[in-house]
Amino acid sequence: MKLNAANLSALSIPTPGYDRGQVRVGIVHFGVGGFHRAHQAMYLDRLLNDGLAGEWGICGVGVLPNDRRMQEALSRQDHLYTLMLAHPDGTREPRVIGSIVDFRYAPDDPEGVIELLADPAVRIISLTITEGGYNLRDSDGGFDIDNPAVQRDLTGDGPPATVFGLVAAGLARRRERGLPSPTIVSCDNIVENGDVARRVFTSYAELADPGLAQWMREHTRFPNSMVDRITPVTTPEVIDTLATDFDVEDSWPVVAEPFCMWVLEDDFADGRPPWEQAGVQLVDDVRPYEAMKLRLLNAGHQSLCYFAYLSGYRLVHEAAQDPLFAEFLSRYMDSEAMPTLQPVPGLHEFKDQLIPRFANAHVRDTIARLCAESSDRIPKWLLPVIRDNLASGGPVRLAAATVASWARYAEGVDEQGEPIDVVDRLADTLIPIARSQRDNPPAFIENRAIFGDLVDQPRFVEAYRWALESLHRVGARATLEALLRERS
């Protein structure tokens, strides 16, 4: 049975228990992908099912060409979709989510999106635009004003096309009309993501209209947040399972692990949903929780993925169930990541759950997904662990080996001589550098735009070069075995 509003009552799986026609848009979300639909939209759906947050419905906005597919898929289904939880015992738990009540594809109607952002009913603008979507310079982390798309928006020759131009235009109208500012909430895996969002959006506004930038500094709030739920790419198998086992025809469902976490600073300009009643942790300072997640889960994924791919694994759970890889991850977390973290409630429980979460065979997350966009991920997730341990005298061998495994993976050829599809916005630069390192071993880490001064740190360089030489000489698995032997 096709998933749409008319068929909801006839479906065999749980559906929204609220009248979606009464839900008003209060949140505009840029970047509606699998994670947003498994996470923030799910939390809001919980509230709506409890009779709360009726003025906080979500309108998604897409700005990139591949967002049109999502707009078309959701539109055909009255913006409904299925979230299927994959439990470790094989149980599948589907539920229809109804909290997204509209979706706009900005290139079709930029003026309509700007007016939406200027609507006083919209009090939150949220973002999952990926780590690379914030338009930061690799050299110093500043806003990249030379980006051609940004430059086109700044000229004013046509309607804005970037998230920065659209949001600035919407906020400018609110300022002109004497309306309150919305809160801008980043839900991306970036250190101090709210602070980053503040920097890039106000930097754009400063270029477009310094008066608007000043108004934003006075009125707009950018709370930091930590988000966590493993959400793999939707595969045809997920769609088929939903149709075969549950008789639901959904063109773009989303599958996720049961675990879910959202820690959010309680700093909002014009109200918020009662998220704490849906399980969200509202705190004064999210940074310790953020570091916990980025340095354990995200950096743990990076510690796993390159070694696993080079060893022949293609699914995350298969590698995480391998005792060698599980031991490597456990040692990295215990000896290198944990000493750099502040104690927060639930820290040890969070760490202890990670390897079982990675090993959930029914999530079927791919190694390739974890290996993608490494130049945006490694500097934010793993290098801070290395720098803190260098400063404190702590160990760095395992994290340095992970960097070496990335460098080896970036050569674009696996241990069987098969090509690797290196998905990275800097791939054209990184692959030639990686391929030169057999003659010049430190070549990869000499890229200061990514690694800063780590090439000048003898302890890191020694550990890195040992791991890289071992990867070239004996391969990924034997390198991990040697690392664990020397620490036993």
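Modeller: Gladly! A crossing is left-handed if the near helix is turned anticlockwise from the far one by less than a right angle, and right-handed if clockwise. Helices (H or I, at least four residues) are DSSP runs, numbered from the N terminus. This is a predicted model, where local features need pLDDT of at least 70 and side-chain atom pairs count only at pLDDT 80 or more, while totals for chains, interfaces and linings use all residues. Residues are numbered from 1 along each chain as its sequence is written, and side-chain values use heavy atoms, with hydrogens and water left out.

Biologist: What is the handedness of the crossing of α12 and α13?

Modeller: The crossing of α12 and α13 is right-handed, which by the definition is the clockwise case.

Biologist: Why are α12 and α13 called roughly antiparallel?

Modeller: Helix α12 (residues 323-337) and helix α13 (residues 347-358) pack at about 155 degrees, their axes 11 Å apart. Axes are lines fitted to C-alpha atoms, for helices over the stretch in contact, and angles run from 0 to 180 degrees between N-to-C directions. Angles over 145 count as roughly antiparallel, under 35 as roughly parallel, 65 to 115 as roughly perpendicular and the rest as oblique. α12 and α13 are therefore roughly antiparallel.

Biologist: Which residues touch the most other members of the largest nonpolar core?

Modeller: Leu296, Ile386, Phe460 and Tyr464 do, in a core of 99 residues. α10 gives the most to this core, with 13 residues. A nonpolar core is a set of buried Ala, Val, Leu, Ile, Met, Phe, Trp, Tyr and Cys residues joined through side-chain atoms within 4.5 Å.

Biologist: Why does aspartate 376 count as buried?

Modeller: Buried means under 20% relative accessible area, exposed over 50%, partly exposed in between (1.4 Å probe, protein chains only). Aspartate 376, in helix α15 (residues 374-381), has 4% relative accessibility and so counts as buried. Leaving aside neighbours within four places in sequence, aspartate 376 is in contact (heavy atoms within 4.5 Å) with Glu131, Gly132 and Arg425.

Notes. Helices (H or I, at least four residues) and strands (E, at least two) are DSSP runs, numbered from the N terminus.
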